[in-house]
Amino acid sequence: MTFSEADLLARVPDKLFIGGAWVPSTSGRSIDVYDPSTGLVIKTIADASVEDGIRAVDAAAEVQASWGSTAPRVRGEILRGAFDLLQERADEFALLMTLEMGKPLAEARGEVTYGGEFLRWFGEEAVRISGRYGVNPEGSGRMIVTHLPVGPSFLITPWNFPLAMATRKIAPAIAAGCTAIVKPAELTPLTTLYFARLLEEAGLPAGVLNVITTSTSGEVSAPIIADKRLRKLSFTGSTPVGRTLLKQASENVLRTSMELGGNAPFVVFDDADLDKAVDGAMLAKFRNIGQACTAANRFIVHESVADEFAARITARVNELTIGRGTDDGVAIGPLINDGAVDKADALVQDAIARGATLLTGGSRVDGGGSFYQPTVLSGIVPGSDILREEIFGPVVTIVSFTDEAEAVALANDTEYGLVSYVFTRDLARGQRLIESLATGMMGLNVGVVSNAAAPFGGVKQSGIGREGGSEGIHEYLETKYVLTPDPFGGR
Ligand code: NAD
């Protein structure tokens, strides 16, 4: 890299982005952003007030009509230009994410690739928004179906994938012709601010995207959601916050997309290729230090291979290097903050107290930063909190089963339904599980499913709607139906 951490941080805007201008907050307050590997402040940025939030809605509403009628090709080319700029600055965005969120640099580079693909994909989709035209069944009229931008959209993102969670919403909104206000998580706002500057350089007109950063999310968001000019709320984050936002959105009858929590089962059958299952498990569990909505939360392993699987996973886990994400060879960076360490540890200790066997790890790492040891627990007792809650940390939990029906029952025993992973060589069994596991996505003999070209999303309390794929742009489009008379006058 040809730049220092200090140079990069100095280039990141520290103000709000409203109506194409970088403006100070009217609150007079600021937000300190921390490096979770050291606990030190790396940058101080503006802390938006309620008034700033409404100003952002003003800006988005003002240009909605002009942006919505901008040629799709122009919207697509701006996204493509942003994709190209992001490739040039991949190292900068990767380092910025590692600094504010903690993930190892190699994973941050992977997120630049993944997050960037939404720009390319939706740049291509912008020119493929099509409708249909047909004769009505009676023959007395012609039916036209077309798709129009929903309107000003409020996009709220979490801290765990600072770039990809933003581009997964911003790119389809821009492609569809919607203006937007984005509110990144207060723990990792820098990537979104730096990305907004990149979009500005890519030629995005003033007011199309506005960024507000705030430490008082609830207070600032509620009036935005209640504003009659807003037409869409897209949220990625925890299920409890999603429920609150759905209630608020009901008052204004907003279109909503909800990408919420997960509790993914990872099911390994006795006929599975165990080498592949272990490789998949390492990815599904330790990507992002276990802090992914798609993270495997419960390993459900056939009793005949459970000990072997646990032994192999433990051996792999013992090879993982813990450290600051910028250091070479580090696989396990810090968790996002000390609260996350406390939560993971409480779940581990509860499981052990109820009778689980600790195979490795099981405690926080002393010294600066919010580190937790990668951990493997087997023989988890039913009813343990760790099987019900999102762990959001580097902890493998193994339970065993005897037959397929029991595996399905265990896997579905959760309020969540985001993703499941299944490892088996039996094609018919794999096909049965596609239909019997209640999740919006499935990895069949693979440990990672995310792709900009695929519809990402969950069922049950994991959410509503899909991001990515050809479905993703429709989250930002309304369907309009038009009837015209038979042009032949009913011949
Ligand atoms: P969170 O729910 O605490 O916060 C998410 C965002 O909502 C943040 O920007 C936060 O500032 C904001 N927020 C919090 N309270 C709010 C309120 N009352 N009004 C408006 N905004 C509010 O979640 P988090 O800790 O940032 O992220 C982790 C969670 O996100 C996990 O549950 C994870 O599974 C989920 N997640 C889901 C997906 C998915 O695609 N399904 C992807 C990534 C993360």
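Three strands make up an open sheet in the order 5-6-20, with antiparallel pairing; two strands count as paired if DSSP finds at least two bridges between them. Helices (H or I, at least four residues) and strands (E, at least two) are DSSP runs, numbered from the N terminus. The model is predicted: local features need pLDDT of at least 70 and side-chain atom pairs count only at pLDDT 80 or more, while totals for chains, interfaces and linings use all residues. Residues are numbered from 1 along each chain as its sequence is written, and side-chain values use heavy atoms, with hydrogens and water left out.

- Strand 5 (132-135) and strand 20 (477-485) are the edge strands, each pairing on one side only.
- Nine bridges join strand 6 (residues 141-149) to strand 20 in the antiparallel sense.
- Valine 145 lies opposite tyrosine 481 in strand 20.

- An open sheet with mixed pairing has seven strands in the order 14-15-16-13-12-17-18.
- Its edge strands are strand 14 and strand 18 (441-444), each of which pairs on one side only.
- Strand 12 (residues 264-268) and strand 13 (residues 296-302) run parallel and are joined by five bridges.
- The bridge partner of valine 267 is isoleucine 300 in strand 13.
- Helix 10 (residues 274-286) packs on this sheet and touches strand 12, strand 13, strand 16 (395-401) and strand 17 (419-423); contact means heavy atoms within 4.5 Å.
- The direction of helix 10 makes about 170° with that of strand 12; axes are lines fitted to C-alpha atoms, for helices over the stretch in contact, and angles run from 0 to 180 degrees between N-to-C directions.

**Helix 6 and helix 7**

- Helix 6 (residues 164-176) and helix 7 (residues 190-201) pack with axes 12 Å apart, at an angle of about 30°.
- The two helices, helix 6 and helix 7, are therefore roughly parallel to each other, a term for angles under 35 degrees.
- Ala166, Thr167, Ile170 and Ile174 in helix 6 meet Thr192, Phe195 and Leu199 in helix 7.

**Phenylalanine 371**

- Phenylalanine 371 sits in the loop between strand 14 (357-360) and strand 15 (375-378).
- With a relative accessible area of 9%, phenylalanine 371 is buried, that is, under 20% relative accessible area (1.4 Å probe, protein chains only).
- Beyond its neighbours within four places in sequence, the contacts of phenylalanine 371 include Ser37, Ile322, Arg324, Pro334 and Val365.
- Glycine 261 is 110 residues from phenylalanine 371 along the chain, and their C-alpha atoms are separated by 22 Å.

Technical notes
Buried < 20%, exposed > 50% of the residue type's maximum accessible area, 1.4 Å probe, protein only. Parallel < 35°, antiparallel > 145°, perpendicular 65-115°, else oblique.
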